[in-house]
Amino acid sequence: SGRVVVVGGGLAGAKTVEALRERGFDGSVVLLGAERERPYERPPLSKGYLTGSDEREQAFVHAPEWYAAHDVDLRLAVTVTAIDRGSREVVDSDGTRTGYDHLVLATGSEPRRLDVPGGDLDGVVTLRTLADSDRLREQLARVAGSGGRVVVVGGGWIGLEVAAAARTAGCDVTVLVRDPAPLLAVLGERLAHAFADLHREHGVDLRTLVDVRALQPAQPGGTAVGAVELADGTRLDAALVVVGIGATPRSGLARDAGLAVGADGGIEVDSGLRSSDPHVLAVGDLAAVDHPFLGERVRVEHWDAALHHGATAAATILGVDEPYDRLPYFFTDQYDLGMEYTGWPGSQGYDEVVVRGDEAARELVAFWLRQGRVVAGMNVNVWDVVDDVQALIRSRAVVRPERLADPGVPLADL
Ligand code: FAD
């Protein structure tokens, strides 16, 4: 019993209230969300929803009537501005105070802005919300219609997905990447190039080792963007600039309330997702979890964590010890390529990459190894292998690279 207040109406918040009711929590449950929309999932916003192939309703976590039916007090368009840990209350922008026995922070993350002159011109956009995706879909159609160019700044997952959607919409697309290849930090050179090739084959003008120096208006003194200026002086015409340079956790509330927040802005939580104040938990993008299997703090900005943290948070609130022990998992879709990645090279990294399958056809499973043990795996246009890859990681078995590379050897037999 008692009252649980969840701040943040994204996937992690919605799954937390669902898990509380599913596990029989009979106290009051309040879900406060800053957006006007009820909780929805973000992956479609840069994929099927952006290209128009997915229906809007598919994105929502629950039907509108679900909340009342489960006695969840859903309050939308409410922004929490402070946590008063002394009185155990949250304060929202209207000054309303809501008391809690347990508080769950689920405020997610905020896209980074481009900090250069002209970075705030009209037509310089980021993608985080359903409203952003609605707007971007219209903008892509308009740019395609006028024969203009979309410049994507940043070659991370969202940037590349937007590039694919923009090509699908018929736009000319340039992607600007600081590193020698997109996704280099996550995938390493060999596999990052697979994504670079994919986009180039689809007609994307992918430029690496470039830095944006400024954005310029279309007309002198105007408010709409017209061009991107690179550090070497190159000027690229741009009817629309999509900035995909990462996100930062929205942990200001936690920091102001004196909770332990790490250098990357993640809220430090134990394996039961409790922060440095046991009455306050954190879930989703925000949570830097002390991971029992991986033996270090793990914070991922991925759908799978937002989907599953709620169950652990609910267990903790109900007094059940159920450590969060899932291996990180991520997926992406770009053009006709589907990919899943699981595992965590972590602070110690990897020393070997092994590929099984056909790299040229982009039908493969790649493995990252440290001292002969698989620490992460990625399947590209190959399906139903994530469980086997995770079992391999969890076994910590030393594997023979030539067997790992051989598609004839079942992963379960390694
Ligand atoms: P969020 O989804 O960010 O939700 C947080 C909510 O809290 C927001 O609605 C916000 O408005 C609200 N909020 C913030 N501050 C306050 C406050 N003070 N008061 C009240 N409410 C507040 N992951 C994958 O694994 N695969 C993918 O393919 C993939 N694609 C993605 C595509 C896009 C375009 C984006 C943006 C993300 C994608 N992700 C993907 C990442 C995934 O969506 C996130 O990890 C996930 O949304 C995190 O959920 P969350 O609930 O922690 O935070």
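## An exposed aspartate

Aspartate 384 is exposed, because it has 8 other C-beta atoms within 10 Å. Aspartate 384 sits in the loop between β26 (373-380) and α9 (386-395). Its phi is positive, about 60 degrees, although it is not a glycine. Helices (H or I, at least four residues) and strands (E, at least two) are DSSP runs, numbered from the N terminus.

This is a predicted model: local features need pLDDT of at least 70, side-chain atom pairs count only at pLDDT 80 or more, and totals for chains, interfaces and linings use all residues. Residues are numbered from 1 along each chain as its sequence is written.

UniProt, in an unreviewed entry, annotates residues 3-310 as "domain: FAD/NAD(P)-binding". This stretch is 26% helix and 27% strand. Its end C-alpha atoms are 16 Å apart.

The unreviewed entry also annotates residues 329-414 as "domain: Reductase C-terminal". Here the chain is 16% helix and 42% strand, with end C-alpha atoms 21 Å apart. UniProt positions follow the numbering used here, feature names are shortened, and annotations may be inferred rather than shown by experiment.

## Around the ligand

Which residues come nearest to the ligand? They are Gly8, Gly10, Arg42, Gly108 and Gly284, out of 36 residues around the ligand. The elements that give two or more residues to this shell are α1 (11-22), α8 (303-317) and β22. A residue counts as near a molecule if its C-beta atom, placed from the backbone, lies within 6 Å of it.

The shell holds 16 nonpolar, 13 polar and seven charged residues. Ala, Val, Leu, Ile, Met, Phe, Trp, Tyr, Cys and Pro count as nonpolar, Asp, Glu, Lys and Arg as charged, and the others, Gly among them, as polar.

## Helix α4

Helix α4 covers residues 130-146. At 1.5 Å a residue, its 17 residues should span 24 Å; the end C-alpha atoms are 25 Å apart, which agrees. The expected span is 1.5 Å times one less than the number of residues.

Ser133, Leu136, Gln139, Leu140 and Val143 of α4 are buried. They cover an arc of only 125 degrees around the axis, so they lie on the same side of α4. The arc is that of the directions from the helix axis to the C-beta atoms. These buried residues pack against α2 (48-51), β9, β10 (149-153), α5 (157-168) and β16 (240-243). The face turned away carries the exposed residues Ala131, Glu138, Gly145 and Ser146. Glycine 147 follows α4 and has a positive phi near 70 degrees.

Lysine 47 is in the loop between β2 (28-32) and α2. Is it buried or exposed? Lysine 47 counts as buried, because it has 21 C-beta neighbours inside 10 Å. Leaving aside neighbours within four places in sequence, lysine 47 is in contact with Glu161 and Asp333. Contact means C-beta atoms, placed from the backbone, within 7 Å. Lysine 47 and glutamine 334 are 287 residues apart in sequence, yet 7.7 Å apart in space, C-alpha to C-alpha.

Tyrosine 335 lies in the loop between β22 (329-334) and β23 (337-343). With 16 C-beta neighbours inside 10 Å, tyrosine 335 counts as partly exposed. Its phi is positive, near 55 degrees, in a residue other than glycine.

Aspartate 115 belongs to the loop between β8 (109-111) and β9 (124-125). Aspartate 115 is exposed, with 9 other C-beta atoms within 10 Å. Aspartate 115 and valine 212 are 97 residues apart in sequence and 9.6 Å apart in space, C-alpha to C-alpha.

Methods: Buried ≥ 20, exposed ≤ 12 C-beta atoms within 10 Å, placed from the backbone. Contact = placed C-beta atoms within 7 Å.
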